[in-house]
Amino acid sequence: MQTLLQIQTSLFENNGQSSLLANRFAREWRDTNPDGRVVVRDIGREPIPHLTAERFQAFLAKPADRTPEQQAIAGFSDALIDELRAADVIVLGLPMYNFGVPSSLKAYFDHIARVGVTFRYTEKGPEGLLKGKKAYVFATRGGLYAGTALDTQTGYVRDFLRFIGIDDVEFVYAEGLSMGDAPKEKALAAANTAIARIVGRETALAA
Ligand SMILES: Cc1cc2nc3c(=O)[nH]c(=O)nc-3n(C[C@H](O)[C@H](O)[C@H](O)COP(=O)(O)O)c2cc1C
């Protein structure tokens, strides 16, 4: 049984354009994977705390030495990682807010980057430990950034996911969403077409 983990980050929760695209992808994926399981992690609605000094010390402490508070903090991070590890397919809704990724996503990344758990250092450099996964990212923006230096999201998200071992990542963009009705409709239609193409392609590959 395949598991799809859908990570939502929109401030508009399920009505965000990134959430709507991710929802559509998950729905179509489930139609073609009737035995598949979809798990939703909505970090827009249930934010992850900032990685404070106190929280990071909890990660660093040896499990046997952790205070009850540190156990709870490390346990929260462990649960996020277990959820990610159990996923075969990851779907990330990625709005652009104030020229970057949602701060909730940064906090999530800070809680799943754990040395010895999701990555390790080797003589050849860092090695990601979450292997064999496929990720789809639905990037929604008011303006136009893809392929320009102002796209601060694509490289960062790709680099981070690669760092923890997820190197098969595909981006679908819906841009110009604040540039009027016609450009918005066109961008969303193109993103929906991309979803149908991806799900159709994956189904054909699996057959
Ligand atoms: C707080 C906030 C900040 C935003 N900052 C940007 C920005 O820097 N660049 C941009 O192109 N669009 C910006 N937008 C527009 C969003 O990218 C656009 O509404 C997109 O649909 C957000 O995805 P969502 O609908 O899934 O939340 C911003 C929107 C909000 C609410």
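I worked from a predicted model, where local features need pLDDT of at least 70, side-chain atom pairs count only at pLDDT 80 or more, and totals for chains, interfaces and linings use all residues. Residues are numbered from 1 along each chain as its sequence is written, and side-chain values use heavy atoms, without hydrogens and water.

Ligand. I looked up which residues surround the ligand and found 16, a residue being near if one of its heavy atoms lies within 4 Å. Ser10, Ser18, Met96, Tyr97 and Gly143 are the closest. I then checked individual atoms. A polar side-chain atom of Tyr145 is 2.8 Å from a ligand nitrogen. A polar backbone atom of Gly143 is 2.7 Å from a ligand oxygen.

Helix 4. I took helices as DSSP runs of H or I with at least four residues, numbered from the N terminus. Helix 4 spans residues 103-112, and seven of its ten residues are buried, meaning under 20% relative accessible area with a 1.4 Å probe and protein chains only; over 50% is exposed, and partly exposed is in between. Among the buried ones are Leu105, Tyr108 and Phe109.

Salt bridges. I counted a side-chain nitrogen of Lys or Arg within 4 Å of a carboxyl oxygen of Asp or Glu. The structure has 14. One joins Glu28 to Arg24, with the closest N and O atoms 3.4 Å apart. These two are four residues apart in helix 1, so about one helical turn separates them. Glu28 is partly exposed at 23% relative accessibility. Another joins Asp151 to Arg141 at 2.8 Å, N to O. Both Asp151 and Arg141 are buried.

Methods: A polar contact is a pair of N or O atoms within 3.5 Å; within protein, one must be able to donate a hydrogen and the other to accept it, and residues adjacent in sequence count only if both atoms are side-chain atoms.
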